[in-house]
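I wanted to go through this model with the sheet pairing, the nonpolar cores and the salt bridges in mind. My notes follow in the order in which I looked things up.

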Amino acid sequence: MTCAALSACTAAAGSPDEDLVETAELALTQQESVFGFENVTQWTASSGIVASSTVHSEGTSALGLRNFTYAELVSPALSSLSGVTDELALDIQLPVSPSYGQLQVFVSSATLGLSNTWVGQASLQGLSANTFHELVFAVPSAVKSALQQSYSDLQIKITLSLPYSTSSTVLDHLHFKGGTSTPACGTGSPYTLNVTTVPGFDNAILEDMECTFYAVYPLLVQRFNTSAATTVGFNITNEDGVAWASGGSTWYNKQHMLDNPNDTDVVVHETMHIVQAGYSGQVPGWIIEGTADYVREAYGLNNAAAGWSIPSGWVYGAHYLFGYGDAAAFFKWIDATYRVDQAPVVDALDDILRAGTYSSGTWVTLTGHDVESLWQQYSNNQAPLPATSGITVYEDPSFGGRAVILDRGEYDVSDLGARAVGNDWISSIQVPAGYTVTAYLDSPFAGTSVVYTSSAASLGTLNDKISSIVVE
């Protein structure tokens, strides 16, 4: 999953196929279930009728409450919450725009010495109907400090006061967000992280990630872009993917980080994308992602423990156009071969991309060779030369996106990779007269196959699923 534009998503450090998909089999923690209102029987109501709602803002369901004018919703006893920050938020959808209304949040825990302790309130008067609104409460500092302790008897109470209605008011996605507290490692830093997390995340991992930011981000700013953002969004999310950046924020998949707690240098990769803001003109995505892995390798604090590294050199099946580690290793070779006693190539490229003057001639200017010649040298002339005739496979349907020509031959997944055709990448094929193409779902040359004797603007069930191909 990659996006060349810096305003769009960028995939995590590592392979472009390194997407993590949460499945239904992953069990919800108690906090996730209660905060997500996934099982409404966990909440008790003092009045009204409670029912599970298929209208929801996250997860698979929400809590609907009807036939009341005042009601108190009380959670079960919760053990120590994770991801506690300065702000608590709740999504609400109203059946009609009310002439009056109020929602309040309280917490109780004998262990913490909290008894119906007020957290915050929000007016519901005049909120538009049939759309979710996020209510945000500034958690009092004393309550926040208490909630970060150990306990097993915390109950949350939500009170609602609204005009009577037989239609449901829907509550969903109770969550902490917008943390402005700074770990000790960030004390005195000129940079600010706006942290949003989700229930069930590990505070120790979060602090390690934050400390990686505070240690490395200033170095990247100083080296590449002294005008980079001083405030960065930092979001732990349940959304699919490993990590990505967009605008001035970064996102990290909760389950990936829980499964890979040492992978904290993914923060280096993603925050480099924040530093890269301001590029213009032609901006090749492979350079963007390759540079992000280059700086992760150079500045990462925990790469060895995470088992992460860039390749030590060219291997068959790799290509610089894949970006990430393949491009990062290529950049290091260029530095050692053609940039001795000069600025590293990533620094030179950063200046060129920021000026909006990148072109195919850039590589000749920087090294005396075009990029394909450099790639041949890097591979000791073992990398396949680009074909000049044959069929053409495309990254996008309707013959769009990046195109690669393939001459007659058999191409396993590594053969395709060596020609910059990623696994599960092909979305359309142009087939000149006299050629026959057999595309296979699996590698090597196995699984579902389709024969093409003419061009196909879309590939149906094989779209983005081809792993090997025969051209005759």
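I began with an open sheet of three strands, which has the order 16-15-18 and antiparallel pairing, keeping in mind that the model is predicted. I noted strand 16 (400-406) and strand 18 (428-430) as the edge strands, each pairing on one side only. On average, neighbouring strands of this sheet are turned by 25° against each other, direction ignored. I then looked up how strand 15 (residues 391-396) is joined to strand 16, and found five bridges between these antiparallel strands, with Leu406 of strand 16 as the bridge partner of Ile391.

Next I turned to the cores. The largest nonpolar core has 63 residues, and Trp286 and Trp363 are among those with the most contacts inside it; helix 3 (residues 203-224) gives the most to this core, with 10 residues. Another core, of 41 residues, lies apart from it and includes Leu78 and Val139. I also listed what Trp286 touches beyond four places away in sequence, including Tyr320, Phe331, Trp363 and Val371.

Last, I went through salt bridges, of which the structure holds eight. Lys157 forms one with Glu72, the closest N and O atoms being 3.9 Å apart, and this pair links strand 9 (residues 155-161) to strand 4 (residues 70-74), 85 residues apart. Lys157 is buried, with a relative accessible area of 15%, whereas Glu72 is partly exposed at 24%. In the salt bridge of Asp263 with Arg296 the closest N and O atoms are 2.7 Å apart; Asp263 lies in the loop between helix 4 (254-259) and helix 5 (266-275) and Arg296 in helix 6 (residues 285-299), so the pair ties together parts that are 33 residues apart in sequence. I noted that both Asp263 and Arg296 are buried.

Note on methods. Residues numbered from 1 in each chain as written. Predicted model: local features only at pLDDT ≥ 70, side-chain atom pairs only at ≥ 80, totals over all residues. Heavy atoms only, no water. Pairing = 2+ DSSP bridges. Helix = DSSP H or I, 4+ residues; strand = E, 2+ residues; numbered from the N terminus. Axes fitted to C-alpha atoms, helices over the stretch in contact; angles between N-to-C directions. Core = buried A, V, L, I, M, F, W, Y, C linked by side-chain atoms within 4.5 Å. Buried < 20%, exposed > 50% of the residue type's maximum accessible area, 1.4 Å probe, protein only. Contact = heavy atoms within 4.5 Å. Salt bridge = Lys/Arg side-chain N within 4 Å of Asp/Glu carboxyl O.
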